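I opened this notebook to record what I looked up, one topic at a time.

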Amino acid sequence: MKINYCDALIVGGGLAGLRVAVQTQEKGLSTVVLSLVPVKRSHSAAAQGGMQASLANTVMGKGDNEDVHFADTVKGSDWGCDQEVARMFVTTAPKAIRELANWGVPWSRVRQGPREVVINAQRTTIVEPPEAHGLINARDFGGTKKWRTCYTADATGHTMLYGVANEAIRREVEIHERKELLRLIVENRRCYGAVVRDLITGEIEAYLAKATCIATGGWGRVYRTTTNAVICEGTGQAAVLETGIAALGNPEAVQFHPTPIVPSGILLTEGCRGDGGVLRDVDGYRFMPDYEPEKKDLASRDVVSRRMMEHIRKGKGVPSPFGDHLWLDISILGREHIEKNLRDVQEIAMTFNGIDPADEGPKGWLPVRPAQHYSMGGIRTKPTGESPDLSGLFSCGEAACWDLHGFNRLGGNSVAETVVSGMIVGSYMAEFCRDNDIDVSTRLVEESIEKEARYIREILERPESEGMSIFDIKRRMQHIMDEKVGIFRDGTHLQEAVDELQELLKRSRKVGVRYKCLKANPELEETYRVPKMLKIALSIAYSALMRTESRGAHYREDYTMRDDLNWLKRTLVRWSDPEATLPELSYEALEIMKMEMPPAFRGYGRKGQIIENPLSAKRQEEVEAIRRRLEAEGKDRFAIQEALMPFDLPENYRAKNERLGVGYA
């Protein structure tokens with residue numbers, strides 16, 4: 001029996017996990033990061049477009065601040081987010097991006113003087129003032145009032161990941177690669193670490209820690225068509241679900257990105273449209289202004305994805321052997337801009353489709369169709385990042401339902417969330433470690449290891465399967481999720497998905513393997529992973545079936561209204577019975593009377609698509625009265641915000657952010 005000890009254990013070697021590790025290590029705690037892959041190969045490296053932070057350095061970001069970023073985030077979430085968390089996030093984001101610059105992230109910078117940009121498909125000249133020269137630049141992104149998405153060309157995730165990973169290495173954080181989480185070690189509603197499998201040797205071992213943070217990324221691979229890496233299977237969240245204690249939040253909130261390239265499904269960044277690219281149909285017609293006259297191609301991602309599929313349904317898609325698609329035209333940006341700021345997009349297009357997007361006209365148009373991209377839901381946490389149900393268990397990044405994003409995430413807010421939540425959650429986790437000790441019996445650890453070892457032996461001892469293999473089961477699950485739990489949902493198809501996924505879960509528990517070796521056996525690994533993936537798929541489908549409204553990325557064709565009267569609440573999913581084929585659902589209300597920004601019209605589609613909650617108008621009156629009174633007293637925006645909705649944050653992150661021309665105002 002091998003047991004490893006540390007103060008802080010982080011499962012997941014992407015941006016979020018590494019940033020937590022830097023924070024806990026900085027506080028003098030022994031820190032270990034476990035990663036399925038070498039950390040610099042984590043899926044965080046795939047982020048292209050940028051990181052949102054209200055720096056207001058560029059002329060197109062003038063007037064931006066935490067209040068504007070907060071409002072964009074809340075509207076983008078379709079009023080499904082935790083507004084206190086959104087405040088924590090927007091306050092810390094400018095500090096995070098400047099810290100990353102100090103760690104060597106080579107942000108694209110403002111150059112003084114005139115520069116040509118494309119806005120609403122028209123070439124326009126903007127003039128950057130001399131005092132902005134050399135400051136961090138920003139581009140436009142969907143659902144934002146200001147240009148605030150800071151970037152390093154279209155390789156932002158790559159440069160950020162290397163910067164944070166290098167900082168973790170510099171601080172001598174222990175990084176153990178090729179390690180897979182199997183189960184959490186839990187006793188008396190307290191998490192003490194994890195049981196882990198070494199993917200090279202096949203050995204099962206335990207890691208004991210004062211606090212454990214799950215930062216394993218999203219669960220996109222429960223879908224067939226996804227922009228997620230092959231390691232994004234949701235098994236980290238499933239391990240939490242299998243405690244029977246901790247909950248997932250809002251698993252039905254799944255984002256579909258508008259512009260993965262067809263047929264590979266590789267993401268083409270929102271920066272393509274942020275920089276001025278447009279969507280076109282089979283006739284070469286730019287259709288988004290017809291649907292969304294204000295934001296056009298830069299409406300929120302859920303809106304653009306639905307409008308694209310709606311347009312395809314009208315017969316305006318481009319036929320292909322891989323299904324109908326639409327065109328993304330960035331040729332209008334010009335070759336110089338593409339080869340400087342969108343060079344990864346150009347390389348992807350040329351490698352996988354043989355298209356140079358810098359070629360003028362239809363020759364350079366890129367075939368795109370929406371695909372699964374992001375999980376707004378995840379492990380439910382408090383604003384501190386700790387599970388409200390399981391002491392000592394933390395989570396952050398895409399693995400968590402910290403609930404910054406509600407039912408739709410703004411582009412650029414996720415890569416920002418990784419480092420911002422890493423800073424904040426890492427601080428609270430360090431406090432927990434200082435105040436708590438490892439107090440667990442060796443017997444419990446030994447039983448936890450033996451339980452997983454016995455389960456793997458049992459899989460190897462099963463007779464070879466007749467009929468469906470584990471690979472068949474996985475493919476069928478992914479097909480069901482694509483076809484029945486996608487962009488457009490309805491009760492009939494969701495019920496069919498739930499029924500069939502339950503049958504697949506039953507089969508997966510009995511399936512045998514052909515190869516009986518303990519290590520270097522992908523079939524064995526799939527056989528213990530796929531049941532976990534099916535639990536995630538069922539959590540998504542069942543939660544979507546039960547939520548009889550449309551909100552953000554969750555769109556029900558049989559319940560098209562956003563129902564604030566009955567559904568302004570967060571879904572909680574638990575799986576307390578290991579033998580069950582369905583999770584248990586419960587709900588927690590979002591308290592309108594505590595909101596700084598009560599629910600209102602989001603700004604997309606036609607008005608009147610909301611079942612109003614009378615508390616929204618009541619709270620709005622309160623907010624306006626408080627604002628008028630404090631403005632009359634000469635209070636600044638910070639005092640007004642504090643009066644409307646106080647929020648907690650580690651003291652060093654509460655400091656005001658400096659901006660060009662306004663100082664700390």
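Predicted model: local features only at pLDDT ≥ 70, side-chain atom pairs only at ≥ 80, totals over all residues.

**Loop with proline 263.** I located proline 263 in the loop that runs between β12 (254-257) and α6 (271-274). The peptide bond between valine 262 and proline 263 is cis. I noted an omega of about 5° for this bond.

**Positive phi.** Next I looked up residues other than glycine with a positive phi. Arginine 189 has a phi of about 60° and is not a glycine. I found arginine 189 in the loop between β8 (179-187) and β9 (190-198). Is arginine 189 buried or exposed, or partly exposed? Its relative accessibility is 49%, so I logged arginine 189 as partly exposed.

Lysine 296 is also not a glycine, and its phi is positive at about 55°. The loop that holds lysine 296 lies between α7 (288-291) and α8 (301-316). I logged lysine 296 as buried because its relative accessible area is 19%, and the cut-off for buried is under 20%.

**Sheet.** I then traced an open sheet of five strands. The strand order is β19-β17-β11-β21-β22, and I recorded the pairing as mixed. Which strands stand at the edges? They are β19 (400-401) and β22 (584-589). Each of these has a single partner strand, so one side of each has no neighbour in the sheet.

Within the sheet I checked the pair formed by β11 and β17. Strand β11 (residues 248-249) and strand β17 (residues 378-380) run antiparallel and are joined by two bridges.

**Second largest pocket.** I read a volume of about 810 Å³ for the second largest pocket. The pocket is lined by 25 residues, and those closest to its centre are Arg183, Glu242, Lys451, Lys535 and Pro578. The elements that contribute two or more residues to this lining are β8, α12 (442-461) and α15. Which element gives the most to the lining? I found α12 to be that element, with seven residues. By class I recorded eleven nonpolar, three polar and eleven charged residues in the lining of this pocket.

**Cavities.** I asked how many cavities of 30 Å³ or more the structure holds. There are two.

The largest cavity has a volume of about 40 Å³. I listed its lining residues as Ala53, Leu55, Ala56, Asn57, Thr58, Ile136, Asn137, Ala138, Trp147, Arg148 and Cys150. Seven of the residues in this lining are nonpolar, three are polar and one is charged.

For the second largest cavity I noted a volume of about 40 Å³. Phe256, Asp302, Ser305, Arg306, Ile487 and Ala553 line this cavity. With three residues, α8 gives the most to the lining of the second largest cavity. I classed the lining of this cavity as three nonpolar, one polar and two charged residues.

Technical notes. Residues numbered from 1 in each chain as written. Heavy atoms only, no water. Helix = DSSP H or I, 4+ residues; strand = E, 2+ residues; numbered from the N terminus. Buried < 20%, exposed > 50% of the residue type's maximum accessible area, 1.4 Å probe, protein only. 1 Å grid on protein atoms, 1.4 Å probe; cavity = no way out; pocket = protein on both sides within 12 Å on 5 of 7 lines; lining within 4 Å. Points joined across faces, edges and corners; volume = space filled by probe spheres on them. Nonpolar A, V, L, I, M, F, W, Y, C, P; charged D, E, K, R; others polar. Pairing = 2+ DSSP bridges.
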